[in-house]
Amino acid sequence: MQHREAILRYPQATILHEVLWESNTDLHQRIVAAYRAVCDDWCSLPDDGYIHDHLAVHLARSGDQKELHELLVGSPGWLDRKYELGMGFGSYLQDLDVAVWEFEDPLTDDELARLTELHTAQKLVHTLAGARSVNALKALILIGRVYEAISDATLIRDVKKRFEALCAIAQLLDHTPPMLDKALRETADELNTPLQYAQMHVSLGEYREALHWLDGENGSQDSLLEDIARGLIQQSDFWNAHSAIRLIRDSARQIRILVDLLPEFPDVIEEIEASIETILEHQVEAFLAYATALSIIGFEAKSRDYFSRIQSKIWLYRRADSTTAYQFFTEYLILAGFEDWAWSYMERNTDQRQRDRMRTGIVNALCRLNRASEAFAAVDSFEDNTERLYALHWMATRWQEEGVPEPEMLNQLLDRVESLVDEELSQGFQDPRRTIAEIFAGFGHYDLLVAYIESHEQRRGQRDLLETLAYFQAKNNDLKEAEATLNYAQTLHLHILPMTRIQLALVLSEQGQPERAGRILDTIDGHSFHGLEVLFLMPTYVKALAAAGRLEAAAEYVDHNSSRLSVKRALVESLREYGDVERARQLAETLTDEAMKYEELALLVCASSDRELIERILGKLETLSIEIQAKVVDILTESHSVSLDDISPIINRLMMTGNSTVTGNHMHLVRFMLDAGDASRAAGLAMQDGPPGILELIGWYAQRGDLKQVERFVDTIHARDDRVAAATRIGKAGHLDLADKILRGELEDKLNELFGKNRSIPQVARAYADIGMVERSLELMSKLSPGGYDTTRIAIARAQLERGQPDDARETLADVHTSTMNVFRRSNIIGELNELLREHDLYALALEKYHTADINQFIQYLTKTLKLPAEMLARSVQIIAWKAPEWRAVDSILRED
């Protein structure tokens, strides 16, 4: 690892590698042969500070792609070897990138399988690195794996979290390696706000530079200005510290820091006096800090006067927890030397919670004054165990930072904490769990902490506690223990989410392997879903059970959760899909939601053409709301299960209502009436629907070439979105000149003002792409700034692919950046993008464009979106199982004969 750190600082090896990269194949083959001669297995190569970084490139350039693939994903050996050498996940990812470069669409089945394995390994590594908490990264620093900590932090996809992690690392190091400095500055550039640039400089200890980025106009800068001021005070730069303090807008915060500056700048007492009267009651701590400072510097009478004023209105401290004011009051009283006053004030208070908070203040002050025996006596008088634990935590934190005054004091503290554990754990003592963890770990009592970790029910919570443990182990110089703890903590994050298992089961069922699907479903406890899982997972779980042929199990599950309509409806849908119409009908009849019931019955009509059921539905509709009538009729007319005579009475009722509450609910009904020759009533109903109905009319007449009627209806709509949609329908029907005329009209009044910012341009460009006028679409897009407009770019690429222009489509899609979007918008874009790519067998591009740092989401993507066969999924799951034992069971199910 020392060699590697040297390479980071003096990159001669990198320069050598760049020269070799341009060399011919023969030289790369000779390099590979020379290294192969000294070992039987690449994973046992001795570390010379070069080859582990660059072997992948030499294998690729020598033409041995199969050996490179086997090295990277044939086993976890190469990843583990790099981990042993402290190279971090980033180095392994670079090797994967080298292997991915060889793949281009179209892919053979074998190439698709190999490329999927490489991308799975990438997602696995991103998940492992991204799951690490700041405590874990700090632990890596403390055990000497600096390169790995920085490398892992740079792999965090969330920019803000990455920035926070890099800042935390910088604050731990005595000097900033070039790699960290570069990563910090690049991430700050991504965020591109003065606050972030200032935070970066603070992390690097560059307090003066940080100060230049802040102006004090933004109140959210106050916390950072406080850090800058305190840093400058530590550097004895009192003049600039004073400048930073003056920029702070919160008077209370400003006063607390000015108090720290008093010994060096006595003149600031005038500033404090000018501000102290302006702060609100809820900022009483500033009063207290100042009153204490006055006592310490010799103004005892003035100090007592402030304390008296605070005491008289302490109950006004109402904007936060009022008991906190009592805690501060007693703490500062003792620090100011008014000890008798503090104790008597606490004893006179009749509120038990406030008394305990005042005791906490007394304990804090006694610890700060290094009067440990008296602090323990105060702790023993607590009435509430939680408050007692927090007071003990404060003592522990201070002692960990400054050293324990006497060994027996440490034993007393740990005995008290352990007794609280025994007394309270059975009563659900959950809130202070991290507090207890920090106390035990901070003093090396790992056995007690491990017991706590094992009692924690949530795996994510266990991992966080383990990383806390690793940090304290490293801090206490227990380096091997810290490393082992970090390794174990990594495995706890990679569990299989229920949705991932359900998606795998659905794929197996679709591919004719219901028994395997059932065995995967057996690993799910469907009764343990909670929170939002109930909404999203329960219906899908029912469908997966039905797809696997477990209809009885699905029915039993529905009976168990009969109060949830979405679950019951999921079984109705499954029964209908698998042909059990009668049973589906019986279950649909039990749905208590009328709209849901009749929608499902209407769908059953479409599946069975049951005349008796049609008549029952039509006879009942008149008693239902107009919204339900419209929806049901729309379903029936879409499948042509009814005649115009059947639904004429309902059409009349819809037209009589004005239909304002059911706009767009029955487009199929309008088309059905047009096809049946009832154009006048269809037009009347469509006009009542507004633009959605009119668009249906425009599309119908455009398909029949009646442009006179088309133009007549186009003239009745005025909103830009609707006119563009009308032009799209007209163009898709083959009338490009008329579509072009409408679209140009939507731009004419905009072209002369801020063309590049005109929101209608990407929308119109997409319409041109949808109707196949790609050149016009590209012409419009060239007027806009690069980047963004992803749905338009996808539409253009779709048109290019349909015209047999895959290279042009790739160029268009290069500007689609799904990793930088709002999560909901990103989901929609990815769906549209990958549907397009899959339709045209562009799997390499589809895998390249999909971004996620979550391995569960990636497997769901492979199953649901790319629809890969089980054999390929098994190869991906096997790679995940390298680091996640829980995935091995699914791997074995997928691989069974």
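At 1% relative accessibility, Ala884 counts as buried, a term that here means under 20% relative accessible area, with exposed meaning over 50% and partly exposed in between (1.4 Å probe, protein chains only). The model discussed here is predicted, so that local features need a pLDDT of at least 70 and side-chain atom pairs count only at pLDDT 80 or more, whereas totals for chains, interfaces and linings use all residues. Residues are numbered from 1 along each chain as its sequence is written, and side-chain values use heavy atoms, with hydrogens and water left out.

Ala884 is located in the loop that runs between helix H54 (870–880) and helix H55 (886–895), where helices (H or I, at least four residues) and strands (E, at least two) are DSSP runs numbered from the N terminus. Although Ala884 and His495 are 389 residues apart in sequence, their C-alpha atoms are 6.9 Å apart in space.

Across the protein, there are 55 helices and zero strands, and 54% of the 897 residues count as buried. Of the contacts (heavy atoms within 4.5 Å) with a separation of 6 or more, 61% are accounted for by residues 24 or more positions apart.

The average pLDDT, which is the predictor's confidence in each residue from 0 to 100, is 81 for the protein, and 85% of the residues score at least 70. Over residues 1–17 the pLDDT is below 50, and this stretch has 25 contacts in the model beyond near neighbours in sequence. The pLDDT is also below 50 over residues 751–757, a stretch with seven contacts beyond near neighbours in sequence. Where pLDDT is low, the predicted coordinates should not be read in detail.

Helix H13 (residues 194–203) is largely enclosed by the rest of the structure, because seven of its ten residues are buried. These buried residues are Gln196, Tyr197, Ala198, Met200, His201, Val202 and Ser203, and their cover includes helix H11 (159–172), helix H12 (178–191), helix H14 (207–212) and helix H15 (222–234). After H13 comes Gly205, which has a positive phi, near 75°.

Thr863 belongs to helix H53 (residues 855–865) and counts as buried, with a relative accessibility of 3%. Not counting residues up to four places away in sequence, Thr863 touches Gln503, Leu504, Val507, Leu868 and Leu873.
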